[in-house]
Amino acid sequence: MLIALKCAENAALRGEVPVGACVVDGKGELIAEAGNRTIADSDPTSHAEILAIRAAAQKTGNYRLTECAVYTTIEPCVMCAGALVSARIKRLVFGASDERYGAVRTHFELCDSQVLNHRIGIEGGVLADECASLMKEFFREKRTRSLPE
């Protein structure tokens, strides 16, 4: 999770929403990491989780990541949760819940839904305070900068 947090911090420095993710293989080796790049890529799908999954699939040469775990700083949205299931990720570890867009626990429980053909082991709340603080500070600064002087 510390690697994902560092990716989120780097995203914030680039002016992106500070979300970071990394993928670890079944042996515990880091195989991919990413921070949000939606603004830089002009691509609404350039979420940290999607970018990390893409990089891991490229590295392994397989679109199925059946022995991999994904660590992400914020509870994944619907798009990212769907990608995690499609990639057949074995385990998801996330930091802070996302009351607005969270699709893993907060709203839809997509990653372990009984109606889908793949279910992911889920652990939430890992370094939740640190992950949430990064997001809160990012948006606090954004609001402060946008106020007229």
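Modeller: A salt bridge is a side-chain nitrogen of Lys or Arg within 4 Å of a carboxyl oxygen of Asp or Glu. Please bear in mind that the model is predicted.

Colleague: What is the N to O distance in the salt bridge of Arg37 and Asp41?

Modeller: Arg37 is partly exposed, with a relative accessible area of 34%. Asp41 also counts as partly exposed, at 32% relative accessibility. Their side chains meet at an N to O distance of 3.1 Å.

Colleague: How many residues apart in sequence are the parts that Lys90 and Glu67 tie together?

Modeller: The side chains of Lys90 and Glu67 form a salt bridge at 3.3 Å, N to O. Lys90 belongs to the loop between H4 and E4, whereas Glu67 belongs to the loop between H3 and E3, so the parts tied together by this pair are separated in sequence by 23 residues.

Colleague: Which side chain of opposite charge is nearest to Glu75?

Modeller: Glu75 sits in the loop between strand E3 (69–74) and helix H4 (78–86). A polar atom of its side chain lies 3.1 Å from the backbone nitrogen of Val104. Glu75 is buried yet has no salt bridge, and at 7.1 Å the nearest side chain of opposite charge is Arg105.

Colleague: Is strand E1 largely enclosed or exposed, and how many of its residues are buried?

Modeller: Gly20, Cys22 and Val24 point one way from E1, while Ala21 and Val23 point the other way, and all are buried. E1 is therefore largely enclosed by the rest of the structure, the buried count being 5 of the 5 residues.

Colleague: Which residue stands opposite Val24 in E3?

Modeller: E1 pairs with E2 in the antiparallel sense over 5 bridges, and Ala21 has Ala34 in E2 as its bridge partner. E1 and E3 also pair in the antiparallel sense, over 4 bridges. In E3, the residue opposite Val24 is Ala69.

Colleague: In the hairpin of E1 and E2, which residue takes a positive phi?

Modeller: The hairpin has 5 residues between the strands. A positive phi near 85° is taken there by Gly28.

Colleague: Which elements do the buried residues of H4 pack against?

Modeller: Within H4, the buried residues are Cys80, Ala81, Ala83, Leu84 and Val85. The helix is followed by Arg88, whose phi is positive, near 60°. The buried residues of H4 pack against H3, E3 and E4.

Colleague: Which element gives the most residues to the largest nonpolar core?

Modeller: This core has 44 residues, and Val23, Leu65, Leu84, Ile89, Leu92, Cys111 and Ile120 touch the most other members. Elements giving two or more residues to the core include helix H1 (2–13), strand E1 (20–24), strand E2 (30–35) and helix H5 (128–146). The most, 6 residues, come from H3.

Colleague: Among the contacts of Ile120 beyond four places in sequence, which residue is a Cys?

Modeller: Leaving out residues up to four places away in sequence, Ile120 touches residues including Leu84, Val85, Ile89 and Leu92.

Note on methods: Residues numbered from 1 in each chain as written. Predicted model: local features only at pLDDT ≥ 70, side-chain atom pairs only at ≥ 80, totals over all residues. Heavy atoms only, no water. Buried < 20%, exposed > 50% of the residue type's maximum accessible area, 1.4 Å probe, protein only. Lys, Arg positive; Asp, Glu negative; His and termini not counted. Polar contact = N/O pair within 3.5 Å; in protein donor to acceptor, adjacent residues only side chain to side chain. Core = buried A, V, L, I, M, F, W, Y, C linked by side-chain atoms within 4.5 Å. Contact = heavy atoms within 4.5 Å. Pairing = 2+ DSSP bridges.
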